[in-house]
Amino acid sequence: MAILVVGSVAFDSIETPHGAVKDCLGGAATHFSLAASYFTSVRVIGVVGKDFTAEHEAIFTRRGIDTKGIERSEGLSFHWTGSYSGNMDEAKTLGTDLNVFETFEPKIPDAYKDSEYLFLANIDPVLQSRVRSQMPNVRMVCGDTMNYWIADHSANLAKVLRELDVLLINDGEARMLAGERNLVVAAEKVLAMGPKTLVVKHGEYGATAFFSDRSFSSGSKALRPFRAPALPLAEVVDPTGAGDSFAGGFYGYLASQPKLTPAVLRTAMFYGGVMGSFAVERFGTERLQNVSREEIDERFKLFLEISHLEHAGV
């Protein structure tokens, strides 16, 4: 079943203790779509400039990703420059050039309007709301946001939250959104804002899903939180896009299943961790472009083993 993702297609210049790259393909929609493409069909809406070449587009199309929704505009594509040091938990932003992304107005091709799943990547909540209003018949909506929108655009963000089946954010953003330091209390407050389910990313420590009594169609009482670990890695080359890759694996798996159940969502958490773990092994999207489905399934089994769930089911 097709996922429509709306977000940034960009270029990144990145420096880590393992080296540096300049102008590699990045952006939230890019990492998400590549990760999700291993599970289901993906359609992308974004905007790029004249520096986005046929070679860059081929990175999408080789994975079967539909790029009709990527608008070409005069000027240059969104460009982010950042560096990592130490434990590489957080990037230091050295430069953000929005370029053509500054005036981005998502346009949904008619061929995309039958998409059953919608992912609203980290963009202005006003744009997220506009896209959501044009896709009234989707089966599920998942969204992301960041501290800038939480701090300075809370009213517009509140409208988006009421429309989400799943909100995917990191633990700092969850605490900021709720105004609570305790994550469990913060999750309860965020769920009360509208999302049926909250997935909180903890970087190298995995992710936690928090549920409401609206998470599943059965109408049963909210389940206890579910924690999926991250895979211990000997080497992290570039963490950029790991969270978006997690989202792609998570949501891509959900969209590949006929029904949303607690077991399906828990399994999706592990596949999110799998795709995030591959993303950090190389700079940019290099690893996501070349991973095989066999490697994905083998790493999924490893996640289950380190969680002692290989015989218990998820």
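**Close-up 1. Helices α1 and α8 cross in a right-handed sense.** A crossing counts as right-handed if the near helix is turned clockwise from the far one by less than a right angle, and as left-handed if anticlockwise. This is a predicted model, in which local features need pLDDT of at least 70, side-chain atom pairs count only at pLDDT 80 or more, and totals for chains, interfaces and linings use all residues. Residues are numbered from 1 along each chain as its sequence is written, and side-chain values use heavy atoms, with hydrogens and water left out. Helix α1 spans residues 28-36 and helix α8 residues 242-256; their axes come within 7 Å and cross at roughly 40 degrees. That angle makes α1 oblique to α8. Angles under 35 degrees count as roughly parallel, over 145 as roughly antiparallel, 65 to 115 as roughly perpendicular and the rest as oblique. Axes are lines fitted to C-alpha atoms, for helices over the stretch in contact, with angles from 0 to 180 degrees between N-to-C directions. Helices are DSSP runs (H or I, at least four residues), numbered from the N terminus. From α1, A28, H31, F32, A35 and A36 meet D244, S245, A247, G248, G249, Y251 and G252 of α8. Contact means heavy atoms within 4.5 Å. The residues of this contact divide into six nonpolar, five polar and one charged. Ala, Val, Leu, Ile, Met, Phe, Trp, Tyr, Cys and Pro count as nonpolar, Asp, Glu, Lys and Arg as charged, and the others, Gly among them, as polar.

**Close-up 2. Helix α3 passes α5 in a left-handed crossing.** Residues 125-133 form α3 and residues 154-161 form α5; the two pack at about 30 degrees, with axes 8 Å apart. That makes α3 roughly parallel to α5. P125, V126, Q128 and S129 of α3 meet N156, L157, K159 and V160 of α5. This contact has four nonpolar, three polar and one charged residue.

**Close-up 3. Helices α6 and α7 make a left-handed crossing.** The axes of α6 (residues 171-178) and α7 (residues 183-192) come within 8 Å and cross at roughly 65 degrees. D171, A174, R175, L177 and A178 in α6 meet L183, A186, K189 and V190 in α7. Six nonpolar and three charged residues make up this contact, with no polar ones.
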